[in-house]
Amino acid sequence: MKIILLGAPGAGKGTQATKICEKYNLPHISTGDILRDNIRRGTPLGQQAKAIIDRGELVPDEVVVAIVKDRLSLDDCKSGWLLDGFPRTIAQAKALDSFEKAEYAINITIPFEKLLYRITGRRMCECGESYHVSTHPSPTCDKCGKTLYIRADDNEESVANRLKAYEQSTAPLVDYYAEAGILKNVDGDSTVDGVFEIISEILD
Ligand code: AP5
Ligand code: MG
């Protein structure tokens, strides 16, 4: 299965991606996670991307396209993959089309006013888990016990820029994948398990 997850910042892409990849045994490829890992390790890519991500703007297309092309060429992607947070512009979608064909573009929708609450309450772990303070008030990760942290771009100013970038550059992908005949809209304004049930019905 070759799946793209679309949705605004905070829509629940990462949360659903973890569950989908576990159930269908797919590699979870999140450009945001790859970029943040490079920032943590202080690589040249991380140094280039840090200020852009912290401001909530988009990293240049050629940079993320190269990351994804490279990642999709690895052996574990031969029979399928899930892309979380890529593509994010029409140019990225066209680039992806030139070397791979997605079978599903799952678009998680949620009312805009709920996104800020979800994002500002998010607590992350280095192991990849993410929680919301309202349902997980503990400061440590259930899976690995490490201390949770708040993402550098999860502040109101960066979130406003991320939402703007979404509206301007990413929202047009909904029409792009509708025209390609692979778009599936999923109501993300439900419980994590409720959203996952809808996605499972589509994929099963
Ligand atoms: P990225 O890491 O992709 O961030 P994003 O798109 O802003 O999305 P988020 O990760 O914030 O949200 P999510 O949809 O994954 O929600 P989550 O499941 O965590 O990108 C970060 C930055 O990297 C970009 O701004 C850009 O600079 C750069 N970048 C990355 N890819 C790029 C690309 N292709 N091109 C250019 N630049 C790129 O959930 C959010 C919260 O809600 C959590 O607390 C979670 O616990 C909670 N939650 C989730 N689902 C539910 C539910 N159903 N009910 C209640 N709470 C829920
Ligand atoms: Mg995410």
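The structure is a predicted model, in which local features need pLDDT of at least 70 and side-chain atom pairs count only at pLDDT 80 or more, while totals for chains, interfaces and linings use all residues. Residues are numbered from 1 along each chain as its sequence is written, chains are lettered from A and ligands numbered from 1 in the order in which they are written, and side-chain values use heavy atoms, with hydrogens and water left out.

## Charged pairs

Lys114 forms a salt bridge with Asp189, with 3.0 Å between the closest N and O atoms. Because Lys114 lies in helix H6 (residues 112-120) and Asp189 in the loop between S7 and H9, this pair ties together parts of the chain that are 75 residues apart in sequence. Asp189, at 31% relative accessibility, is partly exposed. A salt bridge here is a side-chain nitrogen of Lys or Arg within 4 Å of a carboxyl oxygen of Asp or Glu, and the structure holds 18 of them. Helices (H or I, at least four residues) and strands (E, at least two) are DSSP runs, numbered from the N terminus.

Side chains of opposite charge can pair when their charged atoms come close. Asp33 and Arg36 make such a bridge, their closest N and O atoms being 2.8 Å apart, and both belong to helix H2 (residues 31-41), where they sit three residues apart, about one turn of the helix. An α-helix has 3.6 residues a turn, so residues three or four places apart point the same way. The side chains of Asp76 and Arg71 also meet in a salt bridge, at 2.7 Å from N to O. The accessibility of the residues in these two pairs is set out below.

| Residue | Relative accessible area | Class |
|---|---|---|
| Asp33 | 33% | partly exposed |
| Arg36 | 16% | buried |
| Asp76 | 42% | partly exposed |
| Arg71 | 21% | partly exposed |

Beyond these pairs, a network of salt bridges links Arg122, Arg151, Asp153, Asp154 and Arg162.

## Strands and the helix packed against them

Strands S1 and S4 run parallel and are joined by five bridges, two strands being taken as paired if DSSP finds at least two bridges between them. S4 pairs with S7 as well, again in the parallel sense and over five bridges. Ile108 of S4 has Gly7 standing opposite it, and Ile108 also stands opposite Val186 in S7.

Helix H9 (residues 192-203) has 12 residues, so at 1.5 Å a residue it should span 16 Å, and the 17 Å between its end C-alpha atoms agrees with this; the expected span is 1.5 Å times one less than the number of residues. Within H9, the buried residues are Gly194, Val195, Phe196, Ile199, Ser200 and Leu203. Their cover includes strand S1 (2-7), helix H1 (13-24), strand S4 (104-109) and strand S7 (183-187).

Gly14 is found in helix H1 and is partly exposed, at 31% relative accessible area. Setting aside neighbours within four places in sequence, Gly14 is in contact with His28 and Asp84, where contact means heavy atoms within 4.5 Å. The C-alpha atoms of Gly14 and Ser30 are separated by 7.8 Å, although these residues are 16 apart along the chain.

Asn25 lies in the loop between H1 and strand S2 (28-30), counts as exposed at 69% relative accessibility, and has phi near 55°, a positive value in a residue other than glycine. The peptide bond from Phe86 to Pro87 is cis, with omega near -5°, and Pro87 is found in the loop between strand S3 (81-84) and helix H5 (90-99).

## The chain as a whole

The protein chain comprises nine helices and seven strands, and its C-alpha trace spans about 40 × 40 × 35 Å along the principal axes. A compact globule of 204 residues would have a radius of gyration near 17 Å, and the 16 Å of the protein chain agrees; this radius is taken over C-alpha atoms, and the globule rule is 2.2 Å times the number of residues to the power 0.38. Of the 204 residues, 47% count as buried. Among contacts between residues at least 6 apart in sequence, 68% join residues at least 24 apart.

Notes:
Buried < 20%, exposed > 50% of the residue type's maximum accessible area, 1.4 Å probe, protein only.
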